[in-house]
Amino acid sequence: MNGHWRVSASGASTAVVALCLIILGLLSGRADVAVLGAPLLISFVWTYTRRPKAAQPAQRGPIVHQHDSGELVADLELESDGPAGIARIRVSATGYRTTDIVVAVDKPRTLVLSVQTAKTGRHEVFRVDYVIASEDDVLHTDPRTDPLASVLVLPSTRALKALPLPFRLQGLTGSHSARRPGDGGDLHDVNLFAAGDRLRRIDWRVTARRSGQGMGQKPGQLSELYVRRTFATADATVFLIVDSRDEVGPDVASWGNWGELRPDESTSLDIARHAAASLARHYLAAGDRVGLEDLGEQRRPIAPAGGNSHLQRLLHQLALARPVGEPRPYKRPPHIPSGALIIVFSTFLDDEAARMAALWRHSGHRVLAVDVLPALMTGHLSPTELTAYRIVRMERIDRIDELSRSGVEVVHWEGSADSSAATTDVDVAFTALTRRRSARR
Amino acid sequence: MIGTEWWNRLIRTLSIGQSTSVRPLPPVVVRAGRTVPGWALRATVVVVALGFTATLATVSGQWILAIIGVSVMIIRPAGGLAQAYALALGIGLAIGPTHPFAPRAFVLLFGIHLLVALGSLATGLGWNTRVEWRLIALSARRFAVIQAACQVLALAAAWITDHDINAIWLTTLAGLSIAVLGSTLARDMHTVSSQQH
């Protein structure tokens with residue numbers, strides 16, 4: 001296909017009808033009939049004689065960018081080098097209704113294309129098919145297609161008030177109080193000065209009060225020094241385990257690849273991405289180290305690290321997580337550094353993620369299971385589908401109960417992946433888990 | 001059991017007995033200027049076609065033909081349909097019992113041009129296709145210029161006809177001009193087509 005201007009069927013028929021009317025008028029001696037063909041002929045000749053000799057250059061394909069409001073936007077630049085023209089455009093995107101529009105391109109212009117999405121990850125949007133034509137449709141170019149544009153939508157995050165920590169903090173510095181004495185802020189005790197204690201830690205008030213209180217000592221005689229000892233600070237190591245083996249939407253009828261997932265509804269994987277990103281941001285902001293493992297892809301995990309650049313790396317990796325084929329079950333759980341807090345994001349619709357969580361818990365890790373199943377729609381299910389769903393639901397409830405009994409703490413991530421729609425239940429649940437660690441200490 | 005299959009297919013097509021909770025997918029939004037829907041443009045073409053048929057139709061046969069033509073334009077507005085309808089209107093004027101350059105000829109000059117212009121714009125438009133209002137305004141401007149020139153031409157032709165001026169040389173010249181123009185365009189199109197291939 002090229003961009004040469006051609007006479008359209010409509011244009012050719014305009015010319016033929018014009019000539020027919022004029023010839024008919026001449027043959028029948030009726031000037032009024034011949035005049036009827038005049039506007040059609042003038043219109044055709046006007047456009048045809050002004051057609052460009054060169055081919056119409058291809059338009060630049062749309063460049064997609066993401067808005068914070070869950071909107072994907074692209075600019076489509078249009079230009080006609082021929083007679084003042086029109087563009088017949090069809091814009092389509094997977095999961096969206098196709099839009100057809102006819103616009104004027106009498107001058108170079110930019111059309112803004114947009115779709116609203118609640119989903120994160122890789123999107124392929126805005127396939128544009130278009131034909132540039134003259135204003136009266138006498139001439140047109142060949143149809144052209146701009147293929148789907150690919151864009152990676154990173155998961156959004158929401159602010160969280162408090163998050164649980166591992167049972168044991170193993171770092172040498174950080175923002176959390178550890179249980180061993182060392183340089184920190186929280187008071188551990190007041191004790192006798194010993195070798196290794198710093199002079200600036202001497203508590204002169206306690207020393208003065210205790211002076212001369214020993215046997216055979218005169219009042220006010222300085223005999224022993226007392227120091228204030230504090231708890232050391234440490235950072236936490238957190239491992240996020242995302243179960244990307246399956247992606248289910250709110251519509252139960254679409255489970256098992258029986259239907260297409262709607263782009264305006266968050267799936268379990270979108271919620272998992274959003275939850276994992278929110279937790280990662282919170283922990284990294286607190287100076288902790290965060291790692292990431294994907295149960296759906298058996299490859300090396302992202303090792304725990306800290307900092308803003310690491311957050312970007314995690315967000316990117318989370319956005320790329322998607323179900324790929326049928327992953328083999330793990331023979332043993334992926335290796336996690338000792339003392340790390342493990343947070344598993346899964347729907348727990350099968351045994352694999354729950355089995356991993358239980359194994360990690362048995363090996364001494366503190367394990368949180370975040371249930372990312374979206375709020376379901378079951379009202380329109382057929383009786384057979386409803387029965388199947390009830391069986392799956394009962395199995396899932398049993399699985400989560402079993403997890404709780406094995407010591408894994410379970411949190412349901414309420415709301416959609418959209419941070420504005422999320423409720424405060426998540427905050428309440430995590431705050432309760434924070435207190436549980438304090439009680440253990 | 002072909003009948004049963006056919007019946008089942010019809011039931012499925014009409015979505016009878018299926019869940020009513022099928023929600024429409026979200027649309028791809030194209031931000032352009034003010035637009036009119038494609039069905040409105042199609043309806044306008046139909047109104048124009050039937051309206052100007054009314055200036056000519058004297059027998060019921062013409063109305064039947066008009067309704068068939070309009071129905072085809074509503075169902076599938078393919079390229080050339082409006083032009084064919086315009087040709088039929090012209091033939092109707094030629095064979096009709098009217099005096100040359102009666103007022104209806106001027107009305108038809110306007111109507112045929114309008115029908116072809118709107119029909120060209122509506123060619124291939126879907127019901128939900130949106131047409132930018134600015135495009136219609138641009139087309140209207142061009143339409144007005146050409147139409148004004150043609151009405152002047154028609155008035156001149158009417159004046160010549162009324163004054164019974166013997167213009168055989170003018171008729172011959174017009175015929176020759178049309179022949180030359182037609183052959184030039186045909187040769188040019190053939191050349192362009194062969195170059196492009």
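Guide: In β19(A), V411(A) has V370(A) standing opposite. The model is predicted, so local features need pLDDT of at least 70 and side-chain atom pairs pLDDT 80 or more, while totals for chains, interfaces and linings use all residues. Residues are numbered from 1 along each chain as written, chains are lettered from A and ligands numbered from 1 in the order written, and side-chain values use heavy atoms, without hydrogens or water.

Visitor: How many bridges join β18(A) to β19(A)?

Guide: Two strands pair if DSSP finds at least two bridges between them. Strands here are DSSP runs of E, at least two residues, and helices are runs of H or I, at least four, numbered from the N terminus. Strand β18 (residues 366–371) of chain A and β19(A) run parallel, joined by 4 bridges. Between them the chain passes through helix α8 (residues 383–405) of chain A, in a right-handed β-α-β crossover. Right-handed means that, with the strands pointing away from the viewer, the path from the first strand over the helix to the second runs clockwise.

Visitor: Which residues of β19(A) are on the covered face?

Guide: In a regular strand, side chains alternate between the two faces of the sheet. In β19 (residues 409–412) of chain A, E409(A) and V411(A) form the covered face, V410(A) and H412(A) the uncovered one.

Visitor: Is D137(A) buried or exposed?

Guide: Buried means under 20% relative accessible area, exposed over 50%, partly exposed in between (1.4 Å probe, protein chains only). D137(A) is buried, because its relative accessibility is 7%. D137(A) is not a glycine, yet has a positive phi of about 65°.
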